Amino acid sequence: MAILSLKNVVKQYHNHKAVDDVSFDVEKQRIFGLLGPNGAGKTSIIRIITSITGADSGEVLLDGELLNGYHPRYIGYMPEERGLYKKMKVGEQLLYLAQLKGLSTKDAKLKIDYWLKKFEITEWWHKKVEELSKGMQQKIQFVATVVHDPKLIILDEPFTGLDPINTNLIKEEIRKLKENGTSIIFSTHRMEQVEEICEDIVLINGGQVMLEGTVAQIKQDFKENTYRLEFEGPEPNFDNFKVVEKSEHSVVIQLQDGEEGNDILKHAVNQGCHIISFNEILPSLNDIFIKQVEAAN
Amino acid sequence: MNKLWLVIKREYLVRVKKKSFIIATLLTPFAIGLLMFASIYFTTKGGQANKKILVKDESGIFSSADIGSKTHTYEFSDKEISQLKDEYKTNGFDLLIHIPAFVDSSLTKHKVQYYCQEKLGISTIENVERKIGYAFKDYKVLKSGIDRDVYDSFKMDIDLENGAIKGDGSKGENSSSKLNTSTKLSTMIGSFLGGLMGFIMYMVIFIYGGMVMRSVMEEKINRIVEVIISSVKPTTLMLGKVFGVGAVGITQLGIWLILIVAMMIGMSTFMGSNIDPAQMQEIANQTGTLPVQDLDAFNWTNISNELGQMKWWLIIPMFVIFFFGGYMIYSSLFAAVGSAIGDDMGEGQQLMIPIMIPVFLGIFMLQGAVTNPNGGMAIFGSLFPLTSPIIMPARLPFDPPWWQIGLSILFLILACWFFAWLAGRIYRIGILMYGKKISFKELAKWITYK
């Protein structure tokens, strides 16, 4: 069941089609990567989902319903260009943002308390935002995004400006939120983060969907049937195979039609080779991303 | 609605709780009071610094006249002018006047020289000219053989009064005709009141319109705006700012009104209920603002009578309507400009020009509207919605025709709606636009975006 469905969404800015017939689904309780190079149309898509702008045509469904005025309450959005009111106190600010999302004052206070305690920053309530470091402000922004228990959270480059400790802290919270039933859209350029966190992805380029699916499936789809064998001792003879890379204690072989990975292993074992490791080389998302975008351009 | 209220509340509380707001609100009336007091003080006393004047009078006319100056002291010398030029300062005089011999008494112009080390103020020059002029006039009267009493009887004051008012100041019973029943004093008070209201509108537009603009820019520069508009529609956010800052304006103006009234009551008790006519005459002489013969009517009793007869039941609600209308129109436009500017304030100056022009036009028309409240310019200015918030309040004390007030309000409401819509169109795009050079062509494009 999809929490979010985009169907043939189009958004045009004068002579430029920012979103060109985009369709994809975000499944419930999954972490979904919205990827694409700069200017691909990611932000335009996010702004349509968050009702900041409207689509020229196409449909956006949240939990099976066409997007309407009540839906912003169920979405938590942390934009890439983000900030806080500098002169306002942390508590007042979070209260205001939570109330704008539709929480009552009482509920909002309870939720804010819960999150501040969780991050062990309850003493920040009366601090002005300008007194906090950039990393501390990021934490407050994260709290503001999740404080109203949204069904769908959209995080645009959430880790920029965070130190490794706080990055892990937020990653951990994202995972917990997912376990508790929240769906998450994660937009970034950092492919290693996508591989680490995301389960599904969509790759956007030039306003169009280029690639869509689970991370595992996409990697399978783009693998080149190459295997790396590491060994000790004298180098075995691999003349019957297509060797694409070779060094003193390892060899990379690309399988040809009819060949299987086990064939390489058998061949090596038969030659009395002392095998240390044998694994299939899957392409990194980074490679897939670059290849796809370059091919398209 | 609830979200609009939340935005209004935040915008209001954030400003009202600021120390700078509290200080400005409490101190401004005192600063204005001090300024008024100082200006009265300096016009009556300080402005005309007492000077010791040495006169070399070759005509002998001025030296033999009864000068009777309260401000300057005159002394005379027969020494050579070249010698006096060297001496006058060391002998403790501020100014040396040389009146050449007056041979031909049929002349109506006579040149008199002064010598002074510092630049001489215009009021001193005029005062001395007047004193010498009186002396020469008296001399000519005497010389022509006209009897002094006869000469004095030539003087005539014409008092142009409104015939529709009875002698005791009440309105005539036969006022069933469409005669206007305002007195000269009420016209003067009306001008003052009208000018004051027009000026308040002008201030309101700039102070609070500017506040709305800064508020929009702050959200854009802080990069919080995208978070907010993922919860609230941009138009709601913009209107929330406009209303919130408007409420700040009302609070501030309200406190000022209370403090000023309190101060005026305090001052009038302190200074006595009547203005000393002699003192008023002195001010009038020196500033040239009031016709001297009107001063008889110029006391607190008459003023408060006239103020009591103003159509406050019309003026106050109308002022409030035009206050809101003008504020709405201009603060929406300021919000639109603020959204387009973003980080670069310098760029904003260019975008503000089209807003400033009608405001300055309004201020330019205000003078004309107060002196000629039923003239063509005043009528146009009070109907055109970009100037009507300044001009219509200024015309209100002069009983403009009902149809003009009605039409003006209609145009104002339409303009409020139109400019809020226009500003909203620009605002919703502008707040999300970074790093782009904004031209008017670009703004026009934004209006047409879906």
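Modeller: An axis here is a line fitted to C-alpha atoms, for helices over the stretch in contact, and an angle runs from 0 to 180 degrees between N-to-C directions. This is a predicted model.

Biologist: At about what angle does helix α4 of chain B run to β3(B)?
Modeller: Helix α4 of chain B covers residues 122–143. It lies across β1 (52–57), β2, β3 and β4 of chain B. Against β3(B), the helix runs at about 35°.

Biologist: What is the order of the four strands in the open sheet of chain B?
Modeller: The pairing in this sheet is mixed. Its edge strands, each pairing on one side only, are β2 (73–76) and β4 (113–115) of chain B. Neighbouring strands are turned by 25° against each other on average, direction ignored. The strand order in chain B is β2-β1-β3-β4.

Biologist: Which residue in β4(B) is the bridge partner of His98(B)?
Modeller: Strand β3 of chain B spans residues 95–99. With β4(B) it pairs in the antiparallel sense over three bridges. In β4(B), His98(B) has as its bridge partner Gln113(B).

Biologist: Which residue takes a positive phi in the hairpin of β9(A) and β10(A)?
Modeller: Strands β9 (200–205) and β10 (208–214) of chain A pair in the antiparallel sense over six bridges. Asn205(A) has Gln208(A) as its bridge partner in β10(A). Two residues lie between the strands. The positive phi, near 55°, belongs to Gly206(A).

Biologist: About how much space lies in the largest cavity?
Modeller: The model has five cavities of 30 Å³ or more. The lining of the largest includes Tyr77(A), Leu97(A) and His148(A), along with Val227(B), Ser230(B) and Ser231(B). The space in this cavity is about 80 Å³.

Biologist: Which elements of chain A each supply at least two residues of that lining?
Modeller: Gly76(A), Tyr77(A), Leu97(A), Leu100(A), Ala144(A) and Thr145(A) are among the lining residues. The elements of chain A that each supply at least two are β6 (75–78), α2 (90–100) and α4 (134–146).

Biologist: How far apart do the C-alpha centres of domain 1 and domain 2 of chain A lie?
Modeller: Domain 1 of chain A is assigned to 2–220. Domain 2 is assigned to 224–281. Their C-alpha centres are separated by 44 Å.

Biologist: Over which residues of chain B does pLDDT stay under 50?
Modeller: Chain B has a mean pLDDT of 82, with 85% of its residues at 70 or more. The stretch under 50 has nine contacts beyond four places in sequence. That stretch is residues 288–293.

Conventions:
Residues are numbered from 1 along each chain as its sequence is written. Chains are lettered from A and ligands numbered from 1 in the order in which they are written. This is a predicted model: local features need pLDDT of at least 70, side-chain atom pairs count only at pLDDT 80 or more; totals for chains, interfaces and linings use all residues. Side-chain values use heavy atoms; hydrogens and water are left out. Domain bounds come from an automatic or database domain assignment. pLDDT is the predictor's confidence in each residue, from 0 to 100. Contact means heavy atoms within 4.5 Å. Two strands pair if DSSP finds at least two bridges between them. On a 1 Å grid over the protein atoms alone, a cavity is a set of points where a 1.4 Å probe fits but cannot get out, and a pocket is an open set with protein on both sides within 12 Å along at least five of seven lines; lining residues have an atom within 4 Å of a point. Grid points are joined across faces, edges and corners, and a volume is the space filled by probe spheres set on the points.
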